[in-house]
Amino acid sequence: GGNSENAEGGSSLSGSIQIDGSSTVYPITEAVAEEFRAEAPDVKVTVGVSGTGGGMKKFTRGDIDIVDASRQMKPSEDSLAQANGITYVELSVAYDGLTVVVHPENDWVKDITVAELKKIWEPAAQGTIKKWNQIRPEWPDKELHLYGPGVESGTYDYFTEAVVGESHSSRGDYTASEDDNVLVQGVSTDPYALGFFGFAYFEENQSKLKAVPVDDMDDSNGKGAILPSLETVKDGSYAPLSRPLYIYVNSKATARPEVITFINFYLDNAGELSQEVGYIPLPDELYKEQKQKFEQFAKGAQK
Amino acid sequence: MTNSDINRLKDKAFQVFGIFCTFIGLVVLAVFLFDIIAEGIARIDWDFLTSLPSRRASRAGILTAWVGTLWILVLTTIIAFPLGVAAGVYLEEYGKKNKMANFLEINIANLAGVPSIIYGLLGLEVFVRQMRLGGSLLAGALTLSLLILPIIIVTTREAIKAVPRSIRDGSYALGASKWQTVWNQVLPASFGGILTGIILALSRAVGEAAPLIVIGALAYVPFTPSTPMDEFTVLPIQIFNWTSRPQEAFLTNAAAAIIILLIITFLLNGIAVYLRNKQQKKVKW
Amino acid sequence: MRVSEKVIEGLLWLAAVITILITAGIIWVLLSESISFFRVVSLAEFLTEKEWTPLFADKKFGIMPLVAGTLLTTGVAIAVALPIGLTIAVYLNEYAHATLKQVVKPLLEVLATIPTVVYGFFALTVVTPFLQQFIPSLAGFNALSAGIVMGIMIIPMISSLSEDAISSVPRSLREAAYGMGSTRLQTSFGVMVPAASSGIIVSVILAISRAVGETMIVAVAAGQQPRLTLNPLVPIETITTYIVQVSLGDVPQGSLEYKTIFAAGITLFVFTFALNNLSFWIKKKYQEKYD
Amino acid sequence: MSKKTNKLEAINLDAYYGDFHALKNINIGMEEKAVTAFIGPSGCGKSTFLRTFNRMNDYIDGFKVEGQILLDGKDIYQKNIRVDELRKEVGMVFQKPNPFPKSIFENVVYGLKIQGIKKKSVLEEAAETSLKRAALWDEVKDKLHKSALALSGGQQQRLCIARALAISPSVLLMDEPASALDPISTAKVEELIYELKTDYTIVIVTHNMQQAGRVSDHTAFFYMGELVEFNKTKTMFTSPKDERTQNYITGRFG
Amino acid sequence: MSKKTNKLEAINLDAYYGDFHALKNINIGMEEKAVTAFIGPSGCGKSTFLRTFNRMNDYIDGFKVEGQILLDGKDIYQKNIRVDELRKEVGMVFQKPNPFPKSIFENVVYGLKIQGIKKKSVLEEAAETSLKRAALWDEVKDKLHKSALALSGGQQQRLCIARALAISPSVLLMDEPASALDPISTAKVEELIYELKTDYTIVIVTHNMQQAGRVSDHTAFFYMGELVEFNKTKTMFTSPKDERTQNYITGRFG
Ligand SMILES: Nc1ncnc2c1ncn2[C@@H]1O[C@H](COP(=O)(O)OP(=O)(O)OP(=O)(O)O)[C@@H](O)[C@H]1O
Ligand SMILES: Nc1ncnc2c1ncn2[C@@H]1O[C@H](COP(=O)(O)OP(=O)(O)OP(=O)(O)O)[C@@H](O)[C@H]1O
Ligand SMILES: [Mg+2]
Ligand SMILES: [Mg+2]
Ligand SMILES: O=P([O-])([O-])[O-]
C-alpha cells in the first residue's frame, strides 16, 4: 500500500476498530488488518467471525464499526439499523466464484448448463431427480449424490438465487455442511458426486476435484461453458456463479481518522490481498468507485 | 466343568475384555496423538508461539490465542471452582432432603445437558449486553463458568457422599460446627474426587469454541489481553478458524495449535492428578 | 460464631440457588424468542409435522427429524461408551495394578480434552471410510460414525467417575466379598458396582447429557439433513447441529428462521429435562433399596 | 432417685427412626460425677439413647425425639441451644473407632483447634496429656505426625478416647469404648474412667457386665426400647427386680 | 507339637507392610477340628496373621509374605493356588461388621449364589439354617428382604457370621467375632463355635481371655509381631512359660 498521506500520519494514529461478521470475508479483512499493523501500529484492529447474520445484528445495534458480509444487507436488518439511528455505507471488496465440482474420475460431465443445474437443485427435484441420466440421457444410469453448503450460508443463498431464481429455494435431500473442507472430502471420495462451493476450496484441492464449466446460455458475457478462473470471474464472463463480497461501515465510525485511514487502506489493498487468500479481486476501476463512494459518505457523515 | 471353573473362566474372560476396552481407549488416543503430532509438530517453534495471527500460514502464530486461553482458564477456575464446590457442599451437607433439594438436583442435571451454544446465547444476553461486559475475557469466563458449574457440583456431591458418616460424627461430637466439620474433615477427605470433577470440567471449558464465538470472542486479535476487560481470542477458535480455511498449510497450523492446546490441558491434568494421587494415598478406609 | 455459621450457610445457599438463576436465565432467553416463533407456527405443527425445512423456500416446521437425529447419535454413543467405560472402571479398580490405574486413568481423561472438531474430522475421514469396507451402504455422513466417535469421547466421563465411585466403596465390603470366595468379577458386579450405583448412574447421566449437547462432532460427521429415521447409516441432523449452524451462519437475526433455533433449543431443554427426571427417579428408587 | 443433683435427666423421652419407635417413654436421671452404665441386648436402643445426650442423632434423616433431655436442668432440645457448645460439654467416644484421615497429632488436637486454639505449645501439651490418659502415648509418641489410619483397631479406638478427653468435657458418653481393646488397654481405660469420675459425669454403654460392675455406680437395663430397670449397680447385680433383668444378668458368662 | 494332623501350618512366616515388619518368623501348627485362639495386645499382629490363612492381605498395597502357609499340607501361597477356592475352604468373619448393602437374605445366600446355586428352596433353607446357627433368625425372620444396613451393630455382626457359615467352609477364621456382641449373643456364638469344632477347624482372635479359655483348645500368644508362646489353652493359662505371657495373662481382669 503506497499511500503517502497515511504513511506519515499513520504512526500518530491510535484507537481501535472493531470488525465482525462473515466467515467468508474474514480472511480478506484479516489480511488487511495484518498489513495495516505496519501502517498504523497503535491502532488495535480486531476481527470476529460470527457469520454475516451475527455480524449484522451487532452492526445494526451499533456494537461494531465495520461488518464483513457475504451478502447484501437485508431489508429487515436495514430497518433495525434505522431504528437504532445507524447509517452506513456498503462497499464491495472482492468476488467469490462458486465452483461446480465432480469427482476427478468422472469422465462423463464435460460441462453443465444453468438450466440443468436448476433441474438438479430446484425443490421439485427432491425425490425425483436421482440419477445422472435423468439430466442428460447420455450420462450413466447411476445414482446422483449432491453436496453443498449449509442452508444458512451466504454461498447457498447466492447459489439458489442465481440458479433456481429464488433464494432459499432448493431441494433438501443433499449432503450439506457448513465447512467447505468437509464438502471437498465428500466429493473427492464419491465418484457419483456433484457439488458446489467457494472457488478457493477448489483451487487448493485441484488434484482431488474436477471443476465443471458452466454455460449460462447467454453469449453476451462469454460463449459456451466457462470454467471459473481469476480472469473469467473478474471480467464477468463466469456468470452467474460469482458473487461480490462486502463490508459495511458505520457512519459514526467515520468520524474517527483511524477508521477513514483503515478503509482507504482496505480498498487500496483488497485487490492484491483478496487474491492472496483465495478470492478474486474486483476490476481496478471498481475499487476506485468504492473509494469515491466512501469518500462521499464520510464527508456526508461529518456534516 | 464345575461352576467354579466357569466362574474362573468368566473372570478371566472379563479380564481380557477389560484389557481390550482399556486398550481401545488408549489406542484411539495414541492414533489421535500420533496423527496430530505427525502433522503439526514440525510447525511448532518459538515464532509460532510468539507471533500474531496472519493470513500467511507460515507466518501465523498463536500468541494471542494461547494467552487468551490461559486467561480464560484462570478466570473460569476462579469463578467456577468456589461457586461449584459451595453449591455442592450446600446441597449435600446443608440442604434438607425435601422437594426443593430434589428440584435443585434435577435442575443441575438439566443444566449439565444444555448444549454449550445455548450458554453462549445466555452469556450474550446477560453478560455482554445487560452487564455491559462486551466481548471481554470476563464475559467469556463467566459464560464458561456457567457451562461447567453443573459438572463441578455433581462431582463434588458424589465425592462428599463418599466420606463415611463416622468421620462427620467424630467431628460433631468434638463440638465442631457444621461448617468446621465440612471445612476440616469433609472437604479434605473428598478433595481427590472434587479435583477429578474439576479436571473434567476445565478440560471441557478449554476446548469450547462455539459459546465464545457467540458472545463475541474474536478470531483476529493482534494484542495480548492485559486485564479481564480486554477482548480476546482462544486456541479453539483459532483452530476452528484454521481448519475451515482452504489452504492446506492452515491445517498444519491447526494441528500445531491443537498440540499446544493439548499440552496446556496435560499440564493442567498433570497437576490435578498429582494432587489427587497424593490425596488418595492419605485417605483410605 | 453462630452468626458466621449462618452467613456461611447463606453463602453456600446462594451458590446453590445460582443454578436456579441460570436455569431461569436459559428459559428466559429461550422463551422470549420462541414465544414469537410459536405465534407463527402452531405447537401441533411443530410436534407432528414430519419435515424440518425452515430455511428453505417451502418451510416446514416439524422438530421430530432433529429429535430423531439426536436420539440416534446419543444412542450409538452410549451403546459404545457405557459398556466400555464401565468395563474399564471395573477393570482398573479390581484387576489392574495400582500403578497401571494411576497411569491409565489420566491418560484416558485426555480423550475428553481433545477438541471436538478433531473428533469430527476423525469420524469423517477415518471411521466412516473404515466402516464402509464392512457396510457398503453406509453414507459418507452418518449417525453411526459420529455416534461411535462421540462414544469414545465420553468414555472417560463414565470410566473415571465410575471408578471413583467404585473405589470409594468401603474396603470392608470388598474384603467380605473376597472372604466368601468371590472371583474378582463377582466382587465387582455383585458387590462393588451395586454399592456404587448412585455414583455410576450419575456418571452415565453426565455422559448422556454431554452426548446430547455435543455439537461439533455431529456437525462435521453426521451430516446436515433433517430426516425422520432411526437408521444410523444415513445422514441426519441433530438439534445442536441445527442450532450452531444457524447461530453462526448467515440468517438475519430476529427473523422467523432465526427464532427456530430457540424453538429447537427449548425442545432440547425439554428433552434433557425429561431424560434427567427419568434417571433421577431411577436413581432415587435404587438408593432406597439400600438405605 | 438420688439426693445428689442430676447432671443429666431424660423426661418422658420417646425416639423414632421414621416409623420405628426406638425408645419408649424413658425417664431417668444421671448423677453428677458418677458413672452410669447402659446394658441390654443388641438392638435394644442403648446407642440411640446415648446419642440423644449430645444430639448426635440430629443428623439422621427421619430421626425424631419427643420429651425432654436436661443437662444441668436445661432442656438441650430447646431452640436456643447451641449444639456445638453442647458437644464441648458432652464429649463422646463411639462404638467403631473413627479416626480422622489425618495425623495422630491432628486427631487429638482437632477439638482444640476448632475452638480457635492455635498456640503450638498448648496443643502439644494437650496432645501428650490426652494420649497418656488414653494409654496410647508410649505406642505413638514417635509417630505423632504419621497417619492415624495406619494404627491397629485398638490403637485407633484409644486415639478416639484421647481425642474426646482433649476438649475436657464435663460429661463423657462412651459407646462400648472398650469393645475393640485388649484387656491391658481395657484395664487402663477402666482405671481412667474411675479416675475421671472425680471430675466428670460419665455414661457408658457396654456389653460386658463385669465391666459395668467394675466401673459404674448406677446401671440401667434396656430391653426393646424400654428402660426396664435402673438402680445402684450393686443392687441391680445382686437383686434385680425385674424378671427380664434377672434373665439377662444370669444369662451372662464369666 | 501334637499327634493329630495339622490342618493349618505356618512355617518360617514373615510378613511386612512396606518396611514395617509385622510378623516375625512365625512357626505354628493348628490341629484339625479344634479351636485355636490368638491372643495378645492390640497391634501385635493377630489380625495380620489370621488374614494370611485366606490370603486376604493380598489386596493391601505393599504387603509381603515370606515363608509358607500350609493348608492340608499344601502351600497356599503357591502360584497355582486358586484364591477363590481357597476362600471357600477357609471362611472368615471380620472384626468390624461388614454386611453388603443388600437385603438380609441376599447377604446370607451371597456365597451360595456366586457358586452358581440358584434354586430358591435350597437358598431359603440355607439362609434359615445359617441365621439360626448365628442366633439371628428370630430377630430377622420377618424382615429377611429388608436392607441389612438397618440392623444394629451386633445384629450386623451376627449376620456376617451367618454369611460365612452358609458356604460351609472347613476352616473358619474369626477376627474378634464377638467384640460387638452382647453377652447373650456372645454365649450363643461361643456355643456355636463349640458345636462347629466337631466338623470344622476354627481360628479365633480375641481380646477376651475368658472367651479364649472357654472356647479354645490351643492358645497362641503374640507380642509385637512374634509368637511368644503356643500351647494347650489350659496349660497356657495355668502355667505360662514365658514371662511376657504371664504378665499379659495376670494383667487381666475378671
Ligand atoms: N439409622 C437407623 N435407621 C433405622 N433404624 C435404626 C437406625 N439405627 C438403629 N436402628 C434400629 O434401632 C434399634 C436400636 O438400635 P441401637 O443402635 O440403639 O441398638 P444398640 O442397643 O446400641 O445395639 P448394639 O448393642 O448392637 O449396638 C435397632 O433395632 C436398630 O435396628
Ligand atoms: N495396612 C496397614 N499398613 C501399615 N501398617 C499396618 C496396616 N495394618 C496394620 N498395620 C500395623 O501392623 C501391626 C499389626 O496390626 P494388626 O491389625 O494385625 O494388630 P492386631 O493384633 O489385630 O490389633 P487389634 O487387636 O488392635 O486389632 C500394627 O502395628 C499396625 O499398626
Ligand atoms: Mg449400639
Ligand atoms: Mg486386629
Ligand atoms: O459466514 P458467512 O455469512 O459468509 O457464511
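Between which chains does ligand 1 lie? In this predicted model, for which local features need pLDDT of at least 70, side-chain atom pairs count only at pLDDT 80 or more, and totals for chains, interfaces and linings use all residues, ligand 1 lies between chains D and E. Residues are numbered from 1 along each chain as its sequence is written, chains are lettered from A and ligands numbered from 1 in the order in which they are written, and side-chain values use heavy atoms, with hydrogens and water left out.

Around ligand 1 there are 18 residues, of which D:Ser42, D:Gly43, D:Ser47, D:Thr48 and E:Ser152 come nearest; a residue is near a molecule if one of its heavy atoms lies within 4 Å of it. By class, this shell has five nonpolar, eleven polar and two charged residues. Here Ala, Val, Leu, Ile, Met, Phe, Trp, Tyr, Cys and Pro count as nonpolar, Asp, Glu, Lys and Arg as charged, and the others, Gly among them, as polar. Two or more residues of the shell come from each of helix H1 (46-52) of chain D and helix H6 (153-166) of chain E. Helices are DSSP runs (H or I, at least four residues), numbered from the N terminus.

Ligand 2 is surrounded by residues from chains D and E, so its site is shared between chains. Of the 19 residues around ligand 2, D:Gly154, E:Ser42, E:Gly43, E:Ser47 and E:Thr48 come nearest. The shell divides into six nonpolar, eleven polar and two charged residues. A polar side-chain atom of E:Ser47 lies 2.5 Å from an oxygen atom of ligand 2, and a backbone N or O atom of E:Gly43 lies 2.8 Å from an oxygen atom of this ligand. A polar backbone atom of E:Cys44 is 3.2 Å from an oxygen atom of ligand 2. On its own, ligand 2 has 630 Å² of accessible area, and the protein covers 83% of it. Helix H6 (153-166) of chain D and helix H1 (46-52) of chain E each give two or more residues to this shell.

Among the eight pairs of chains in contact (heavy atoms within 4.5 Å), chains B and C share the most contacts. Chain A does not touch chain D, their nearest C-alpha atoms being 52 Å apart. Chain A and chain E do not touch either, with nearest C-alpha atoms 51 Å apart.

Chain C is divided into domain 1 (2-40) and domain 2 (64-290), with bounds from an automatic or database domain assignment. The domain centres, taken over C-alpha atoms, are separated by 27 Å. Twelve residues from domain 1 of chain C and eight from domain 2 of chain C make the contact. These two domains bury about 930 Å² between them, 88% of it on carbon and sulfur atoms; buried area is the accessible area (1.4 Å probe) that two parts lose on being put together, summed over both. In domain 1 of chain C, the residues losing the most area to domain 2 are C:Leu30, C:Glu33 and C:Phe37, together 55% of what that side buries.

Conventions. A polar contact is a pair of N or O atoms within 3.5 Å; within protein, one must be able to donate a hydrogen and the other to accept it, and residues adjacent in sequence count only if both atoms are side-chain atoms. Accessible areas come from the Shrake-Rupley method with a 1.4 Å probe; for residues, only the protein chains shown count as cover.
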